[in-house]
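These are my notebook entries on what I looked up in this model, kept in the order in which I worked.

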Amino acid sequence: MSMTADQARELARRAVEMTAAADEAEALVGAETSALTRFADNRIHQNVATDDSVVSIRAVVGKRVGVASTNRLDDGSLRAAANSAIAIARASAEDPDFPGLPAPEPVEIVDRARQAARSFGPEQRADAVGAIVEASRTRGLVAAGTIRAAEHAIAIASSRGVDVGMTITGAGGTVLSTGEPSGTGWASFIGASPELFEFAAIGAEAADIAVRSKEPGDLDPGEYTVVLAPEAVSDIVNFLAYTGFSAKAIAEDRSFMAGRVGERVMSESITIIDDALDPEAIGLTFDYEGMPKKRAVLIDAGRVGEPITDSYWAARLSMPNSGGALPAPNSFGPLPLDLQMAPGDATIDELIAAVDRGVYVTRFHYTNIEDPKTVTLTGMTRDGTFAIENGKLGRPLKNLRFTQGAIEALARVKGITSARRHVGSEESSTLVPALLIERFAMTGQTG
Amino acid sequence: MRDVIEAALEAARTAGVSYADARVVVALTEEIAVGYGVVEAIESRASFGLGVRVVADGAWGFAATREVSEATAAETARQAVAIARASARVAGIPVALSELEPVVGTWSGGCEIDPFTVALEDKLAVALSADEAMRAVEGVALTKAHIGANRYRKWLGLLDGSFVEQSWTESGAGIAAYAIGEGEVLTRSYPNSHGGGWRQAGWAYVTGLDLVGNATRVAEEAVALMSAAPCPSTTTDLIIGGSQVGLQVHESIGHPLELDRVLGDEAAFAGTSWVALGDLDELRYGSEHVNVTADATIPESLGSFGYDDEGVPAQRDFLIREGLLTGFLSSRESATAIGRTSNGAMRADGWNRIPLIRMTTVSLEPGTWTFDDLIADTDDGLYIETNNSWSIDDKRLNFQFGCEIGWEIKGGKLGRMIRRPNYTGITPQFWNSCDAVCSADHWEVWGLANCGKGEPMQVAHVAHGAAPTRFRGVQVGVGR
């Protein structure tokens with residue numbers, strides 16, 4: 001049963017009242033109603049719906065903090081969680097740097113929830129799957145993927161007077177189209193409402209790549225000029241965020257940004273911002289402490305910009321709070337959740353036309369970090385890897401392994417598309433263009 | 001809980017399903033995290049709910065709710081049936097399940113000292129003391145210590161009258177020290193990276209790890225890595241430590257032998273498998289030294305249980321015997337594709353998720369070598385320990401792993417330290433290059449509490465028994 005933002009706020013306030021024995025208290029309510037239809041081999045094989053509401057209480061005693069959560073919402077269970085949070089705080093050790101819970105700040109609530117996402121029921125999802133599958137079936141291919149919809153009501157209240165709530169919705173999915181022998185293609189989508197998407201066209205996008213990927217060939221390891229489609233670019237941007245953009249990572253000297261504010265480390269054409277109020281953003285406009293998410297320029301025309309902070313790291317580093325708090329307790333540190341890379345002015349065809357000999361990558365798979373300081377990543381390409389020969393998309397390639405420093409790579413960007421795509425989810429999305437990058441290290445290939 | 005589960009099953013039966021299961025789960029979690037002298041997190045989480053899975057019109061449906069009562073159970077079952085009937089709009093062959101005799105039983109994991117009854121102050125003191133000991137080593141830039149515990153109670157009922165109740169406790173802990181050099185972060189962890197060590201056990205497991213006693217060594221090794229030699233870029237003989245062998249088994253044997261991956265059910269997310277159904281009893285997966293079991297009965301292992309989430313009793317099964325592929329991890333549905341019954345690998349990570357085929361304790365069985373003899377038998381190579389990074393392609397063929405630390409082997413002796421070694425390979429070639437596995441004296445079950453799979457994502461707790469193992473002619477130092 002879904003919960004409104006106002007109901008979530010009331011619940012958060014009730015939890016705070018129950019934690020009155022603490023010096024300070026904060027409650028985060030996360031209520032989610034979600035459904036996901038999964039298909040493979042041209043048929044629906046998994047189909048799930050769930051609802052859950054979790055109340056997480058942060059109790060502060062002096063400079064000691066405890067957190068307890070429950071998904072039982074009766075008074076007895078909430079009181080037990082409140083008492084548990086207080087007991088944890090009392091048993092904890094003091095953090096002399098803890099600044100106290102943040103005071104309320106004005107938050108701009110944006111109406112981003114869409115009724116079409118709420119009413120995107122199992123029959124509608126099945127029909128969407130049917131349209132996607134048909135695009136593969138008519139080409140002699142098989143389709144796999146997901147169609148999902150969700151509604152989230154998030155509210156935060158605190159004894160300092162924070163009292164915010166917002167509802168967002170999301171609809172999204174993925175399509176993998178597979179043919180014989182071994183050609184695969186991919187498409188994905190994410191937005192606030194299923195009405196934004198033409199399912200047959202998304203199915204056709206994946207199927208067309210699969211047809212073109214048939215009978216992939218070899219490519220020797222080496223450095224190649226690459227054109228990375230947006231989904232591949234999102235992996236790189238997300239690892240920059242995961243390892244580098246947080247004030248905590250910078251303070252701990254783990255980040256590529258540490259000690260380099262203002263220094264040019266990437267191509268002048270690269271600007272990366274976090275902006276929850278951008279017209280194209282789809283997520284919450286406040287963080288998980290109820291603080292307004294503020295526009296942060298993380299990479300400014302290739303130069304290292306400002307880090308993402310939350311109330312703790314803002315106070316500790318004497319910086320403004322940019323609104324990057326994750327749910328407490330947060331040992332990870334602040335994180336940007338509404339990332340975007342600035343667009344360029346090229347089309348994808350123009351990027352490909354600019355390459356004499358290179359590789360086109362639809363997306364990466366199982367990307368992981370080898371070293372956070374250089375953001376050295378390794379991963380595989382999949383679902384549409386092609387040679388680029390004389391400015392044209394050429395023969396399909398078997399999946400390639402890359403091992404590449406992301407900062408180095410983004411210093412060698414020579415082209416950016418004007419078109420961008422959202423990748424991720426409504427709770428944390430990344431809006432990215434396609435990139436042309438020189439000397440990208442391909443270090444292996446699937447056998 | 002029996003009344004709630006029977007209410008769900010009765011509502012499903014009335015709605016005309018051909019199969020139904022209903023599962024109630026109570027989960028309690030406690031986590032303590034310390035970072036460089038600061039308590040970064042102490043948290044208690046409680047979660048409770050019901051999930052109902054049905055087959056109607058030959059297709060699957062699942063619904064879950066946190067509101068657990070007989071009324072909501074019936075309503076949730078009817079929702080699951082409606083979802084199943086919608087699934088049938090894009091259906092394939094009707095769902096068929098392998099045979100299973102109805103079961104009634106209980107199971108509980110061992111736990112000698114309940115971690116939830118140990119004073120929080122005492123647990124925190126262990127983490128803070130270990131952290132302090134690491135910080136005392138000059139050159140250490142960052143430290144982390146964590147201690148955690150999970151408790152689960154689960155009730156499962158099936159339409160055929162099966163009813164099982166299970167409960168178990170998990171404990172885990174670990175420390176890590178970081179040294180930061182020019183352009184790189186150097187890490188040393190104990191007893192393992194990515195969450196430390198985990199077992200189905202109580203507080204005695206954590207105290208037995210002796211985090212404080214190992215802290216200085218861990219920190220000193222992290223600092224020593226700053227001046228260690230870089231990993232050479234070459235092809236060489238590689239001896240891999242037990243925990244990393246466990247992860248190698250996980251990624252390049254466990255996942256590709258999940259029968260749902262082989263059948264394509266995970267194709268769009270984690271991928272498929274390089275192994276085909278027809279490879280069963282035919283494929284030479286590895287050398288004759290490669291014997292791999294899936295065992296859900298090992299005491300204290302994170303991959304153990306009494307019954308899986310389809311009610312199939314826990315089993316021990318050979319997946320690979322003397323290098324030959326002999327089995328898959330299966331479910332009641334997927335097992336029909338190979339003409340067998342389920343070997344009991346279906347688990348969900350909570351009340352609001354469907355069971356998927358998950359690893360149990362998937363192990364490389366011990367060989368006969370002592371570690372010292374294995375080093376002495378290696379003329380030129382590397383010995384490496386403790387995972388730092390992992391990546392593998394969507395068919396589980398091309399992999400690349402990074403480790404925290406290594407040592408050169410020259411003339412049968414361990415030599416100078418190597419920092420951040422990595423290696424790459426292709427699964428069948430790699431496992432066929434295995435020519436020595438250390439003995440049971442060196443074999444240990446490594447708990448792994450972060451195995452991701454499925455959409456919506458689920459995180460399974462699995463385990464791998466492994467000992468130091470040698471592979472010939474491996475490419476190392478990729479991208480260096």
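How many salt bridges does the count come to over all chains? I find 67 by this rule, a salt bridge being a side-chain nitrogen of Lys or Arg within 4 Å of a carboxyl oxygen of Asp or Glu.

Before going on I note that this is a predicted model, in which local features need pLDDT of at least 70 and side-chain atom pairs count only at pLDDT 80 or more, while totals for chains, interfaces and linings use all residues. Residues are numbered from 1 along each chain as its sequence is written, chains are lettered from A and ligands numbered from 1 in the order in which they are written, and side-chain values use heavy atoms, with hydrogens and water left out.

**Entry: a salt bridge within chain A**

I looked up A:Lys398, which forms a salt bridge with A:Asp218, with 3.1 Å between the closest N and O atoms. The pair links distant parts of the chain, 180 residues apart: A:Lys398 is in the loop between strand S14 (392-396) and strand S15 (400-405) of chain A, and A:Asp218 is in the loop between helix H5 (199-212) and strand S7 (222-228) of chain A. I take helices (H or I, at least four residues) and strands (E, at least two) as DSSP runs, numbered from the N terminus.

**Entry: the interface between chain B and chain A**

I then turned to contacts (heavy atoms within 4.5 Å), and found 74 residues of chain B in contact with 73 residues of chain A. The area buried between the two chains is about 5900 Å², of which carbon and sulfur atoms give 51%; buried area is the accessible area (1.4 Å probe) that two parts lose on being put together, summed over both. In chain B, the residues that lose the most area to chain A are B:Arg66, B:Val90 and B:Glu455, together 11% of what that side buries.

Between chain B and chain A I count seven salt bridges. In a salt bridge of 2.7 Å, N to O, the side chain of A:Arg38 meets that of B:Glu266. Strand S2 (residues 38-56) of chain B gives the most to the side of chain B that touches chain A, with 11 residues.

Which strand of chain A is joined to S2(B) by four bridges? I find that strand S3 (residues 64-70) of chain A is joined to S2(B) in this way, the two running parallel, and that A:Thr70 has B:Ala46 as its bridge partner in S2(B). Two strands pair if DSSP finds at least two bridges between them.

**Entry: a sheet in chain B**

I followed an open sheet of four strands in chain B, with the order S13-S12-S11-S16 and antiparallel pairing. Strand S13 (324-325) and strand S16 (362-364) of chain B stand at the edges, each with a single partner strand, so one side of each is left without a neighbour in the sheet. Strand S11 (residues 292-295) and strand S12 (residues 316-321) of chain B pair in the antiparallel sense over four bridges, and B:Thr293 stands opposite B:Phe318 in S12(B).

**Entry: backbone geometry**

Most residues other than glycine have a negative phi, and most peptide bonds are trans. I noted a cis peptide bond from A:Ala328 to A:Pro329, with omega near -5 degrees, and A:Pro329 lies in the loop between helix H8 (311-316) and strand S11 (338-341) of chain A. Another cis peptide bond joins B:Glu455 and B:Pro456, with omega about -5 degrees.
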